[in-house]
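These are my notebook entries on one chain. I wrote down what I looked up, entry by entry.

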Amino acid sequence: MATDYDAPRKNEDELSEDSLDELKGRRTDKQSAVVDEDEAETADSYELPGADLSGEELLVRVLPAQADEFTCASCFLVRHRSQVAREKGGLLYCKDCEG
């Protein structure tokens, strides 16, 4: 609902003149419509574990790790080199896993 900031404001006396019944009547006039959802349509959007996805094709472009990135040996997330907390046996660990 748009608000007209240039409209004159009511003072305290005018605000007290609004009766409770009048305010209740305004509230019932402005009720929104209830949206009915189709349960079958909603259920179709969920994917169950173990579902056969062999016919699905991914349309995601995968980039290799950049020169300033590393893959954490604990959480396997690709992080920026500034997030390296420890190197052990040639493996890099991020600050989140070491913290």
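**Entry 1: a charge over a ring.** I looked up which residue lies over the face of Tyr93. I found Arg86 there, at 4.5 Å from the ring centre. The rule I used: a charge sits over a ring if NZ of Lys or CZ of Arg is within 6 Å of the ring centre and within 35 degrees of the ring normal. I note that this is a predicted model, where local features need pLDDT of at least 70, side-chain atom pairs count only at pLDDT 80 or more, and totals for chains, interfaces and linings use all residues. Residues are numbered from 1 along each chain as its sequence is written, and side-chain values use heavy atoms, with hydrogens and water left out.

**Entry 2: ring pairs.** I then searched the whole structure for aromatic pairs and got zero. To pair, rings of Phe, Tyr and Trp (its six-membered ring) need centres within 6.5 Å; planes under 30 degrees apart are stacked, over 60 edge-to-face, and the rest tilted.

**Entry 3: the chain as a whole.** I noted four helices and four strands. Helices (H or I, at least four residues) and strands (E, at least two) are DSSP runs, numbered from the N terminus. Along the sequence I read the pattern α-α-α-β-β-β-β-α. How much of the chain is made up of buried residues? I wrote down 6% of the 99 residues. Buried means under 20% relative accessible area, exposed over 50%, and partly exposed in between (1.4 Å probe, protein chains only). The accessible surface of the chain comes to about 9,700 Å². Carbon and sulfur atoms hold 50% of that surface. Areas come from the Shrake-Rupley method with a 1.4 Å probe; for residues, only the protein chains shown count as cover. I also looked at contacts (heavy atoms within 4.5 Å). Among those between residues at least 6 apart in sequence, 6% join residues at least 24 apart.

**Entry 4: salt bridges.** How many salt bridges does the structure hold? I found two. The rule asks for a side-chain nitrogen of Lys or Arg within 4 Å of a carboxyl oxygen of Asp or Glu. Side chains of opposite charge can pair when their charged atoms come close.

Asp96 is exposed, because its relative accessibility is 53%. Arg79 counts as buried, because its value is 19%. I listed what Arg79 touches, leaving out residues up to four places away in sequence: Asp68, Glu69, Phe70, Cys94 and Asp96.

Another bridge joins the side chains of Arg86 and Glu98, at 3.0 Å from N to O. Arg86 lies in strand E3 and Glu98 in helix H4, so the pair ties together parts twelve residues apart in sequence. Arg86 is partly exposed at 30% relative accessible area. Glu98 is partly exposed too, at 35%.

**Entry 5: Ala85.** I placed Ala85 in strand E3 (residues 84-88). Is Ala85 buried, exposed or partly exposed? Ala85 is partly exposed, because its relative accessibility is 43%. Ala85 touches Tyr93, Cys94, Lys95 and Glu98, not counting residues up to four places away in sequence. I also checked Ala85 against Cys72: they are 13 residues apart in sequence and 9.8 Å apart in space, C-alpha to C-alpha.

**Entry 6: Phe76.** I looked up the phi of Phe76 and found a positive value, near 65 degrees. Most residues other than glycine have a negative phi. Phe76 is in the loop between strand E1 (69-71) and strand E2 (78-80). Phe76 counts as exposed, because its relative accessible area is 60%.

**Entry 7: a nonpolar patch.** Which residues form a nonpolar patch on the surface? I noted Leu58, Val60 and Val62, with about 390 Å² of accessible area together. Patches take residues with over 30% relative accessible area and no salt bridge; like charges are joined within 9 Å, nonpolar side chains (Val, Leu, Ile, Met, Phe, Trp, Tyr) within 5 Å. Leu58 is in the loop between helix H3 (39-44) and E1. Leu58 is exposed, because its relative accessible area is 77%.
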